[in-house]
Structure formats: structure tokens, C-alpha cells
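Please open the structure in your viewer and keep the selection tool ready.

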Amino acid sequence: MPCDRTSRRGFLQQGACGMFTIAALGLPGSVAALPVTEIQAQASGGERRYPLPTVDGVSIDRQAQVIIVRHAGKVYAMSLVCPHENAAVRWLPRDGRFQCSKHTSRYTPEGTFTSGRATRHMDRFPVRRDGAQVVVSVDRVFQSDRNLEGWTAAAVVV
């Protein structure tokens, strides 16, 4: 019985077409493409101001311990610290997720906990839009296990 084999060239073309389709539709496979950059805020009291991200990506302000994420039509401001034991989280672009540097808890780009030792999602700061800027109130934080409504609302639609 003859085998129906696709040539190497055909396989690569079909694979590339499939990856293009996933990226174009914005399906989870395209999350890994989120670039990461370092930023610094304009500080004023308990607020930090950042340029409104124009494309999906992850921006980290190490000095203020703030992560700004634009993903799937929303902008979030999250704490750089894992809620489990206050270790730094890092963005893994190849995997399209955050991971705790100490106990490997994993989080989606929106900060939703998916696995590991943590018991809640990444903490979010209150955020609002002011023209072409994102304003983050760093003197407050929403913890998903204590204020899920506030945590869920801590986003700016773009």
C-alpha cells in the first residue's frame, strides 16, 4: 500500500502558513512574540507615568518594581514581585508567560496564575489612561484573593 508523504518543502510551507494564521488570528501561539523592554517612569508622589504602549509587549520598570503589559487590547500594571515569597518574576518570551525566579510559579501575560506554589494571581496596581500615558498608582495594589473585582478592573482598554 503506497504512503501519502508530503515533501520537506511542502511540510515547511504548510507549517509556515499555519504559524502565520495563528499569529494573524491572535491565538495563544502568538503570545510568545511579545517583546520585552526596560522603561523608567515619570514619578509624582504615589503615581508613575508611562507612555501608553502602542503595540503588544512587556515593559519593566525595575526601579519602581512595575511591569506594564499590553496584551489583547488591554494594558495592565503589575508588581514585579511574585505573590508567593516576593521573589522577582521574569518574562519568558519564548514561552509567552511570566515565571517566578525562585519557585517557578507561572503566570499568563495578564498575570493570571497557572501553576506552581503561588496561591493567587500576580498583584495589579490601579491604572488609568491620561491621553497618551498610563498612570499607575503604586501606593495601592489589588490582590486577587482579597479583591477579585478590583483586580479584574485594574486594566485600561486600548
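**Aromatic rings**

The structure holds two aromatic pairs, a pair being rings of Phe, Tyr and Trp (its six-membered ring) whose centres lie within 6.5 Å. Select Trp-91 and Phe-98: these two form an edge-to-face pair, at 4.8 Å centre to centre and with 65° between the planes. By the rule used, planes under 30 degrees apart count as stacked, over 60 as edge-to-face and the rest as tilted. Trp-91 and Phe-98 are both buried, where buried means under 20% relative accessible area, exposed over 50%, and partly exposed in between (1.4 Å probe, protein chains only).

A word on what is displayed: this is a predicted model, in which local features need pLDDT of at least 70 and side-chain atom pairs count only at pLDDT 80 or more, while totals for chains, interfaces and linings use all residues. Residues are numbered from 1 along each chain as its sequence is written, and side-chain values use heavy atoms, with hydrogens and water left out.

**The whole chain**

Now display the protein chain as a cartoon. The chain has two helices and 13 strands; helices (H or I, at least four residues) and strands (E, at least two) are DSSP runs, numbered from the N terminus. Of the 158 residues in the chain, 39% are buried. A contact means heavy atoms within 4.5 Å. Among contacts between residues at least 6 apart in sequence, 42% join residues at least 24 apart.

**The nonpolar cores**

In soluble globular proteins, nonpolar side chains tend to be buried together. A nonpolar core is here a set of buried Ala, Val, Leu, Ile, Met, Phe, Trp, Tyr and Cys residues joined through side-chain atoms within 4.5 Å. Select Val-58, Ile-67, Val-89, Phe-98, Tyr-107 and Met-122, which touch the most other members of the largest core, a set of 18 residues. Strands β4 (57-61), β5 (66-71), β6 (74-79), β7 (89-92) and β8 (97-100) each supply at least two residues of this core. A second, separate core has 11 residues, including Val-66, Val-134, Val-136 and Val-156.

Next, centre the view on Met-122. Leaving out residues up to four places away in sequence, Met-122 touches Ile-67, Met-78, Ser-79, Pro-83, Val-89, Phe-98, Tyr-107, Gly-111 and Trp-151.

**Salt bridges**

Side chains of opposite charge can pair when their charged atoms come close. A salt bridge is a side-chain nitrogen of Lys or Arg within 4 Å of a carboxyl oxygen of Asp or Glu, and by this rule there are seven.

Select Glu-47 and Arg-128, whose side chains meet in a salt bridge (3.1 Å, N to O). This pair links distant parts of the chain, for Glu-47 is in strand β3 (residues 47-51) and Arg-128 is in strand β11 (residues 127-130), 81 residues apart. Glu-47 is partly exposed at 25% relative accessibility, as is Arg-128 at 38%.

Then select Asp-95 and Arg-97, which form a salt bridge of 3.2 Å, N to O.

Finally, Arg-120 and Asp-123 meet in a salt bridge of 3.0 Å, N to O, and both residues are buried.

**Around Gln-143 and Trp-151**

Select Gln-143, in the loop between β12 and α2 (148-153). Gln-143 counts as buried because its relative accessible area is 18%. Beyond residues up to four places away in sequence, Gln-143 touches Arg-120, Asp-123, Leu-148 and Trp-151.

**Last stop: Ser-137**

Select Ser-137, which lies in strand β12 (residues 133-137). Ser-137 is buried, at 18% relative accessibility. Apart from neighbours within four places in sequence, Ser-137 is in contact with Gly-46, Glu-47, Phe-125 and Pro-126.
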